[in-house]
Amino acid sequence: MPTYSTSDLQKGMKLEIDGEPYLIVERNFRKPGKGQALYTLKLKNLIKQTVLERTYRSSDSLEGADVSESEVQYLYAQGDDYVFMDSTSFEQYELSKDQLDGADRFLKDGMLCSVTFWNGNPISIAPPNHVVLKVEYCEPSARGNTATNLSKPVTLETGAEISAPAFIEIGDLLKIDTRTGEYIERVKE
Amino acid sequence: MDKDFRSSATWETLRQRSELLQKLRAFFLQSGYVEVETPLLLSESIIDCYLDPLVTQLRSPHVRSLQGKSLYLQTSPELGMKRLLASGAESIFQIGKAFRDDEFGDLHNPEFTLCEWYCLGDKMADQVNFLGELCQTMLNSAEPEVLTYAEAFQRSLGLNPLDCELADLLNAAANGNTPSSFAEEEMDRDDVLNWLLSEKVELSLGQDRPTILTNYPASQAALAELDPELPGTACRFELYVKGIELANGYQELLDSQALRERSQLQQKKRIENGKAKLSPPESLFAAMDAGLPTCSGVALGYDRLAMLALGKTTIAEVIPFPADRI
């Protein structure tokens with residue numbers, strides 16, 4: 001893995017700190033008129049998803065983390081483990097519910113996801129930013145009520161419960177933002 | 001990546017910046033200073049371990065002494081202005097560009113505008129007052145509080161930066177975002193002080209009203225006289241507004257031999273840090289040999305001043321084309 005000097009540091013780079021992989025979320029350069037430059041980094045732990053702030057001096061060097069991503073297909077759940085398959089190598093990976101960090105709510109058989117590896121082991125998974133899921137259950141909408149500012153809970157085919165506009169019916173297809181868990185729009189097929 | 005052709009600062013801001021510049025100029029003219037222009041391109045540089053000039057060359061210089069020589073874009077106009085003072089100039093000011101390599105961030109751009117001035121006959125206390133007046137005029141601020149570097153450390157960290165043990169400084173640095181290299185290396189005392197100032201002290205400076213810090217440690221004198229009244233400190237002062245370093249001033253060092261020694265020390269530190277050697281400022285040594293009159297001078301970051309005056313939080317909001325758009 002490459003060793004970086006502080007002036008190489010950029011948002012989006014991955015570093016290994018205290019034996020764990022981190023993503024640089026924010027990089028802040030500070031330098032007194034006389035004196036050494038400092039780099040304050042906001043770092044996201046790619047395993048625990050926690051955020052850390054660290055300040056480095058311009059003479060420090062940092063270790064890059066061997067982090068990669070690839071596209072995988074969701075196959076099935078087995079107890080608390082979720083099984084994915086690499087779309088090109090057909091290799092299978094198991095991730096725990098913890099590692100999914102809530103993503104399991106929107107997983108559907110065959111869905112293409114992005115898995116993050118650290119030193120060759122899967123550490124987290126991200127479903128597509130937008131997915132289309134069928135409404136399995138919701139209260140019927142009131143007749144003639146077309147107001148869009150009213151919302152109600154709906155249950156999706158994956159079991160996730162989200163908030164959607166009052167006019168939504170069972171069997172409708174909804175576009176969902178998986179990062180926020182929010183309803184975007186109703187779609188046709 | 002596609003570069004944005006548009007200005008990062010709005011036209012309204014650039015118009016206000018222009019008005020502010022006229023106001024700043026008027027302030028100096030009314031105070032009896034003469035505006036000067038000195039070259040940005042020089043064959044020598046002030047030597048500071050942590051200031052890196054941009055280096056270039058003339059293809060066919062037509063001047064024999066410049067043949068094959070590295071030339072520098074100035075990191076500040078100090079060299080030229082002090083040569084002018086030793087050549088018989090009166091109190092002078094200059095508003096122009098300076099360049100510093102490897103500096104880019106919310107408060108930094110490798111090319112920036114400096115306002116620098118020198119007042120003949122002034123001691124540190126006189127220029128601390130003058131800087132306070134300038135700050136009140138340009139930022140409509142309250143009168144700045146004046147405290148020593150040691151007092152600021154005492155207030156924020158409860159220790160005396162001038163005579164405490166290095167271990168105490170490292171201890172104070174240890175809670176918080178300390179990089180692990182602090183423990184591993186033989187630390188330079190000034191590097192630890194600098195880290196503490198930036199990380200622990202600076203943010204509290206200039207919050208309710210501007211702060212002028214005076215009497216930096218003698219080891220950080222740069223081009224300032226040592227202060228005989230406060231042993232171990234230099235007649236160096238800095239202005240902070242809202243935690244941001246805005247200006248750096250000295251009662252100027254007059255002894256050329258002392259400057260030669262400080263330059264050698266900085267050059268040595270540069271080499272230890274794997275940095276390029278710089279051509280020493282021989283013409284400044286010569287000017288000081290001939291006699292630099294007693295004077296005090298200040299360099300003020302004009303982009304930061306404009307940023308604070310116009311209520312912005314980044315330099316990119318007050319200059320049209322920061323380094324990522326050039």
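With a relative accessibility of 7%, B:Leu223 counts as buried (buried is under 20% relative accessible area, exposed over 50%, partly exposed in between, with a 1.4 Å probe and protein chains only). The model is predicted, so to speak a computed one: local features need pLDDT of at least 70, side-chain atom pairs count only at pLDDT 80 or more, and totals for chains, interfaces and linings use all residues. Residues are numbered from 1 along each chain as its sequence is written, chains are lettered from A and ligands numbered from 1 in the order in which they are written, and side-chain values use heavy atoms, leaving out hydrogens and water.

B:Leu223 sits in the loop between strand E8 (211-214) and E9 of chain B; helices (H or I, at least four residues) and strands (E, at least two) are DSSP runs, numbered from the N terminus. Its contacts (heavy atoms within 4.5 Å), leaving aside neighbours within four places in sequence, include B:Ile46, B:Glu78, B:Lys82, B:Tyr250 and B:Leu284. From B:Leu223 to B:Gly249 it's 26 residues in sequence and 9.3 Å in space, C-alpha to C-alpha.

Now for the cores. A nonpolar core is a set of buried Ala, Val, Leu, Ile, Met, Phe, Trp, Tyr and Cys residues joined through side-chain atoms within 4.5 Å. The largest one holds 37 residues, and B:Leu24, B:Phe28, B:Trp117 and B:Leu134 are among those with the most contacts inside it. Elements giving two or more residues to this core include helix H1 (11-30), strand E6 (111-120), helix H3 (124-139) and helix H10 (302-309) of chain B. H3(B) supplies the largest share, 8 residues. Not counting residues up to four places away in sequence, B:Leu134 touches B:Leu24, B:Phe27, B:Phe28, B:Trp117 and B:Leu300. A second, separate core of 28 residues includes A:Tyr93, A:Leu107, A:Met111 and A:Ala164.

H10(B) is mostly covered, with 7 of its 8 residues buried; B:Asp303 and B:Arg304 are among them. The cover over those buried residues includes H1, E6, H3, E9, E10 and E11 of chain B. After H10(B) comes B:Gly311, with a positive phi near 70 degrees.

E2(A) pairs with strand E3 (residues 20-30) in the antiparallel sense over 4 bridges (pairing takes at least two DSSP bridges), and A:Ile17 has A:Glu20 as its bridge partner in E3(A). The two strands form a hairpin with 2 residues between them, and A:Asp18 in the turn has a positive phi of about 50 degrees.
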